[in-house]
Amino acid sequence: SPWKPLLFLLSPPAFSTTCARCCKDRRLRRKRAISERQLTRYFVDQRKVRVVGGQGGGGGQSFYSEPRKVFGGPDGGNGGDGGHVILKADQQMKSLSSVYPFYQGFHGERGGSKNCYGANGAHMYVKVPVGTLVKEDGRVVADLTQHGEEYIAAYGGAGGKGNRFFLSNENRAPKLFTPGEPGQERVLHLELRTTAHAGLVGFPNAGKSSLLRAISRAKPAVAAYPFTTLNPHVGIVHYQDYEQVAVADIPGLIKGAHQNRGLGMAFLKHIERCRFLLYVVDLSVPQPWVQLQDLKYELEEYEKGLSERPCVVIGNKIDLAQSKINLPLLREHVAERVIALSALTGDNLEELLLHLRELYDTYVKTEQSRGQSPVKW
């Protein structure tokens, strides 16, 4: 057929007709995998925010006039109020990285004629994680610990008065009207303290991140050098009755952490929110009970009574030969319950999960007996 050469020119070739050096790969390119460190580098637990309420709308100035009623009098309406800036705790938010340094409420509209009031400005809602402290000049003004809890950070300004408001027997045709008031302006410091049921406390390279990976779906970075975890991670442990226990991986502490050494007080504050503590001790080091004593000392120096919370001692790395020798010695020097396990091989993780549920059930019963609602995930 004479149309075959023409059809061949119109249809694109199934393969590249150029040389192998210049041909292009027509396969879909896969997205480059993002490392775990890049995924977690945006964790922010402190933020300075300037909030300004919306300005109120100005009052209207007009006079009513129609046929056979020329002097109808003033009919300027009042302006609308400015919108507030409201901080709202949201359980889906896990960091303050999405909080901008400046927020302003919406302005109210100006009053119109025929006694029409201006519309109020819409409120500006700022979502923050649960467990956010709001401070002003070093003083705590709000503590958002429940999902959906709100705090008005800046009030909007009141709307102005129209000339209808100033009508009186002495002044039958007032021309006076007032502008809207400016909104409240404040500088607030937001501080996130991780709200979790349990906190993994230990020295660097004790295996806290590996343990959190083993019992939950959290993926903190794991490496063979200290201070691998630079940001707190929260993992959720799921049970068959649909209960969820949140476990926080606190970055490693060192001696003098209460004096702001190492990562210091930047992460000691996250332990305050934990209802019970899981001390992770490396069984392979000489005298592992000394680690527990140092950890309790740092917690007690930071806040009185913090080390007395319900806890359990986890002896990690039981798969090593030296750990099996140190385990009976650790139980002799420690009064708390010791659970020996291996986060690497998964040995004896069931005992930890069962005891973790016992600590959680005790916490729930204690909160309900006090008439308070326990934190749920």
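**Figure 1. Strands E9 and E11 lie side by side.** Strand E9 (residues 198-202) and strand E11 (residues 244-249) run parallel and are joined by 3 bridges; helices (H or I, at least four residues) and strands (E, at least two) are DSSP runs, numbered from the N terminus. Leucine 200 has aspartate 249 in E11 as its bridge partner. This is a predicted model, in which local features need pLDDT of at least 70, side-chain atom pairs count only at pLDDT 80 or more, and totals for chains, interfaces and linings use all residues. Residues are numbered from 1 along each chain as its sequence is written, and side-chain values use heavy atoms, with hydrogens and water left out.

**Figure 2. Here is the open sheet with its helices.** Its 6 strands follow the order E10-E11-E9-E12-E13-E14, with mixed pairing; two strands pair if DSSP finds at least two bridges between them. Strand E10 (233-238) and strand E14 (338-340) stand at the edges with a single partner strand each, so one side of each has no neighbour in the sheet. From one strand to the next, the twist averages 25 degrees. Helix H6 (residues 321-333) packs on the sheet and touches strand E13 (311-316) and E14, where contact means heavy atoms within 4.5 Å. The direction of H6 makes about 170 degrees with that of E14; axes are lines fitted to C-alpha atoms, for helices over the stretch in contact, and angles run from 0 to 180 degrees between N-to-C directions. H7 also packs on the sheet, touching E9, E10, E11, strand E12 (276-282), E13 and E14, and its direction makes about 155 degrees with that of E12.

Figure 3. Arginine 357 and aspartate 361 form a salt bridge, with their closest N and O atoms 2.9 Å apart; the term stands for a side-chain nitrogen of Lys or Arg within 4 Å of a carboxyl oxygen of Asp or Glu. The two residues are 4 residues apart in helix H7 (residues 349-369), so about one helical turn separates them. Arginine 357 counts as buried because its relative accessibility is 16%, while aspartate 361, at 29%, counts as partly exposed. Buried means under 20% relative accessible area, exposed over 50%, and partly exposed in between (1.4 Å probe, protein chains only). Salt bridges that share partners join Asp241, Arg357 and Asp361 into one network.

**Figure 4. Next comes lysine 135 with its salt-bridge partner.** The side chains of lysine 135 and glutamate 191 meet in a salt bridge (3.2 Å, N to O). Lysine 135 lies in strand E5 (residues 132-136) and glutamate 191 in strand E8, so the pair ties together parts that are 56 residues apart in sequence. Both glutamate 191 and lysine 135 are buried. Leaving aside residues up to four places away in sequence, lysine 135 touches Val140, Val141, Val187, Leu188, His189, Glu191 and Arg193.

**Figure 5. Another view shows glutamate 185 with arginine 50.** These two residues form a salt bridge, their closest N and O atoms being 2.8 Å apart. The pair links distant parts of the chain, with glutamate 185 in strand E8 (residues 185-192) and arginine 50 in strand E1 (residues 46-52), 135 residues apart. Arginine 50 is partly exposed, its relative accessible area being 35%.

**Figure 6. Finally, the whole chain gives the setting.** The protein chain has 7 helices and 14 strands, and the structure holds 10 salt bridges. Of the 377 residues in the protein chain, 45% are buried.
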